[in-house]
Amino acid sequence: MTVLLWVYGCTEPFEGTVEGFEDVLVVDALITNENKRQEVRLTRSFRFDEDGPQAEENANVTIEDGDGGQFVFEEEEPGIYLSNPPFAAEMGKTYSLSITTDDGRSYRSDTMQLPTATTTIDELHAERTTNDQGEEGMGIFVDTFDPSRQSNYYRYEYEETFKIIAPLWGPNDVVFVIQLSTGPVFEIILREREERTCYGTDREKTIEVVNTLNLSEDRLSRYPVRFINRNNYILSHRYSILVRQYVQTPEAFDYYEALKGLSQSPNSVFTEDQPGFLPGNIFSVDNEDENVAGFFEVAAIDEKRLFFSYEDFFPGEELPPYIQECTGSPASGEDLKGILDRGNSVLYKFDPSQGGYLMTPSACGDCTALGSNKVPDFWIE
């Protein structure tokens, strides 16, 4: 039976075949030197045929430091616990995570602390490039350097935001009014909200870890954190990427490197002679034989954001194809009423010469099918 352990952040579901289903607590816990409400996510393992991980709700979550301080976490959303008040991990202090689930089971982590050095991102830059598979597109690269040579272990994650412009947007909607014996009656109305220009956001789905131990300097130059094929519609207009750099402890690096090898291996669904469980640094207080998935990490963070537009690197060239093919198809009468009932199409335009109401898939005429119509606070044109 296939079991999925979902580790949030920068990983895909971790798949493994085990004999029978084991209900495992999955912990994703990272605190950094950034003063904020730190986050711990708790879920349960789930079967392959299930929709996704179930949140571990109503747990008591605390982090203790080596000086006797305690930070309490409150459940803000199912399975998502945030510290209250905010705090930042401090150099030289040790930290441990404690969890008591709603059914009374207790868990703790090994003691962890910040790495001995913190390193900033020197430069984040984008280049038009070709990857190893011969695909043309945009590469996102990081430069970083620690002259003290104490950082050594790095993990990267990113969040990208992109402008979406619906190609078959029109200013009007069509709505059903009443059913008469002669057929349904419709009315054309003005759209009441912004549905032409939106902003989509995606988080990374891969693990990016690298170390500089075998290099002459603790330096990364043009380290690739993201490649985007030029045919990807997210590049079509304006694009932004926020890259986070974590300086890790050796223990955290080893864990994520092992997780990367498992989740990105062609044998990610394990055969019988392969283990279906990757141990972290969290254990059951009550039962030493109980498996607990995930890792409690303390890391130094730095982040940078980058913006660019498609025309900056592909001036005068054809835009990438939209996420789906967009056409306007005529509809009327009961067919149109059925389309409106299903809610997966919108009016492109009304043109009697082309059959009246021209309908298009929602993503083609209403950008909110793909993103938010609210301009992000950080957005720069």
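Predicted model: local features only at pLDDT ≥ 70, side-chain atom pairs only at ≥ 80, totals over all residues.

Trainee: Which helix holds Glu257?

Mentor: Start with the surface, where Asp110, Glu251, Asp254 and Glu257 gather in a patch of negative charge. Glu257 has a relative accessible area of 40%, so it counts as partly exposed. Its place in the chain is within residues 250-263, and that is helix H1.

Trainee: What is the handedness of the disulfide between Cys198 and Cys367?

Mentor: The two sulfurs sit 2.0 Å apart. The pair links distant parts of the chain, 169 residues apart, with Cys198 in strand S18 and Cys367 in the segment after helix H4. The torsion about the S-S bond is about 55 degrees, so the disulfide is right-handed.

Trainee: And Cys326 with Cys364: is Cys326 buried or partly exposed?

Mentor: That link has -80 degrees about its S-S bond and is left-handed. Cys326 lies in the loop between helix H2 and strand S24, while Cys364 is in helix H4. Cys364 is buried at 0% relative accessibility. Buried means under 20%, and Cys326 has 22%, so Cys326 is partly exposed.

Trainee: What pattern do the disulfides of the chain follow?

Mentor: A search of the whole structure finds two disulfides. One joins Cys198 to Cys367, and another joins Cys326 to Cys364. Counting bonded cysteines along the chain, the pattern is 1-4, 2-3.

Notes: Residues numbered from 1 in each chain as written. Heavy atoms only, no water. Patch = residues over 30% accessible without salt bridge, like charges linked within 9 Å, V, L, I, M, F, W, Y side chains within 5 Å. Areas by Shrake-Rupley, 256 points an atom, 1.4 Å probe, with all protein chains shown as cover. Salt bridge = Lys/Arg side-chain N within 4 Å of Asp/Glu carboxyl O. Lys, Arg positive; Asp, Glu negative; His and termini not counted. Charge placed at Lys NZ, Arg CZ, Asp CG, Glu CD. Helix = DSSP H or I, 4+ residues; strand = E, 2+ residues; numbered from the N terminus. Buried < 20%, exposed > 50% of the residue type's maximum accessible area, 1.4 Å probe, protein only. Disulfide = S-S within 2.5 Å.
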